[in-house]
Amino acid sequence: MASGRTAASTRWAGVPVARRKDERREMLVRAAFALFGEQGEGALTVRAVCRRAELHTRYFYENFAGTDDLLAAVYDQQAAALGDVLARSLDEAGPDPETRTRAGIRAVLRFITDDPRRGRVLFTEARGNEVLAARRRAAQTALLEGLVAMGSVELGRAGSELPVVIAATMFTGAMTELAQQWADGRLGHDLDAVVDQAVELSVAMHVSTAERLPR
C-alpha cells in the first residue's frame, strides 16, 4: 500500500493542485466515454471507470456526485466536439444553402463514422437514458433556434415565421433520426449515397417552404 501511495505522489509531483483535479477529471471522462461507447450504460459504474482511468475512487467523488453527472460530462464533451466540427464545416462551405446543407450533414455523419462510440453517446443511447435524453433535447432546441434564425434571415419575407419554424422543426427531427439510424448501421455504409439523398430531400423541403410563403 505504501508503494501505491508513493507512486500516486510521484505521479502528481510538481503539478499544481487545480491542474491535478482538472487532469483527473479529464481522465475519468475519457474512461467513461470508452466504457459507455464500447459497452453501453450498464458498464458505467464508479469502480469500472476508476479502474479504467487507473485512479482511486476518491478522485471520482472529487469531481462527480455520481455516474449521472459523469455521463452528462461525457455527453457535453462529445457535443462540444461535434459543434466545433460542424462550425468549421459550415464556415468552409460558404453562403450557398445547398453547399452548407451538404457540409453540415456530412460533418455530422462523418463525426460518427470516425468513432462509432460518439454516435452511441450522442444519439443511440440517448433514447433510453434520461440524462442523455435531456441533453439531447437541449441540443435539438439550440439547433432548431439556429435554423429558424438562419431561415428567417435568408427568406426575409413578412409572415414567414410559422412556415420557417415548422420546416426547421421537421429538419431538426429528421437530422436527429438520420444520425441515429446511421449510428445504428441501418443505412448501410455508403456515406456519399446517404448524404446525397439527405441533401436532395432537405433542399426539396427548403424550396417547398419558400414557394408557400406570402409574397
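These questions and answers walk through a predicted model of one protein chain.

Visitor: How many helices and strands does the protein chain have?
Guide: Read along the sequence, the pattern is α-α-α-α-α-α-α-α-α-α. The count for the protein chain is 10 helices and 0 strands.

Visitor: What share of the contacts with a separation of 6 or more joins residues 24 or more positions apart?
Guide: A contact here needs heavy atoms within 4.5 Å. Among contacts with a separation of 6 or more, the share from residues 24 or more positions apart is 64%.

Visitor: What percentage of the residues is buried?
Guide: Buried means under 20% relative accessible area. The protein chain has 215 residues, and the buried share is 38%.

Visitor: How much of the accessible surface belongs to carbon and sulfur atoms?
Guide: The accessible surface of the protein chain comes to about 12000 Å². The part belonging to carbon and sulfur atoms is 55%.

Visitor: Where is E54 found, the residue that has a positive phi although it is not a glycine?
Guide: The phi of E54 is about 60°. Its relative accessible area is 63%, so E54 is exposed. E54 is found in the loop between α3 (46-53) and α4 (57-63).

Visitor: Which helices does the salt bridge of E38 and R52 tie together?
Guide: The side chains of E38 and R52 meet at 3.3 Å, N to O. The two residues are 14 apart in sequence, and the pair ties together helices α2 (residues 17-39) and α3.

Visitor: Is E38 buried, partly exposed or exposed?
Guide: The cut-offs are under 20% for buried and over 50% for exposed. E38 has a relative accessible area of 40%, so it is partly exposed.

Visitor: How many residues apart in sequence are the parts that E38 and R117 tie together?
Guide: The side chains of E38 and R117 meet in a salt bridge of 3.5 Å, N to O. E38 lies in helix α2 and R117 in helix α7 (residues 116-124), so the parts tied together are apart in sequence by 79 residues.

Visitor: In which helix do R110 and D114 both lie?
Guide: Their side chains meet in a salt bridge at 3.6 Å, N to O. R110 and D114 are 4 residues apart, about one turn of the helix, and both lie in α6 (residues 97-114).

Visitor: Which residues do salt bridges with shared partners join into one network?
Guide: The whole structure holds 12 salt bridges. Those that share partners join into one network E38, R52, D115 and R117.

Notes:
Residues numbered from 1 in each chain as written. Predicted model: local features only at pLDDT ≥ 70, side-chain atom pairs only at ≥ 80, totals over all residues. Heavy atoms only, no water. Buried < 20%, exposed > 50% of the residue type's maximum accessible area, 1.4 Å probe, protein only. Areas by Shrake-Rupley, 256 points an atom, 1.4 Å probe, with all protein chains shown as cover. Salt bridge = Lys/Arg side-chain N within 4 Å of Asp/Glu carboxyl O.
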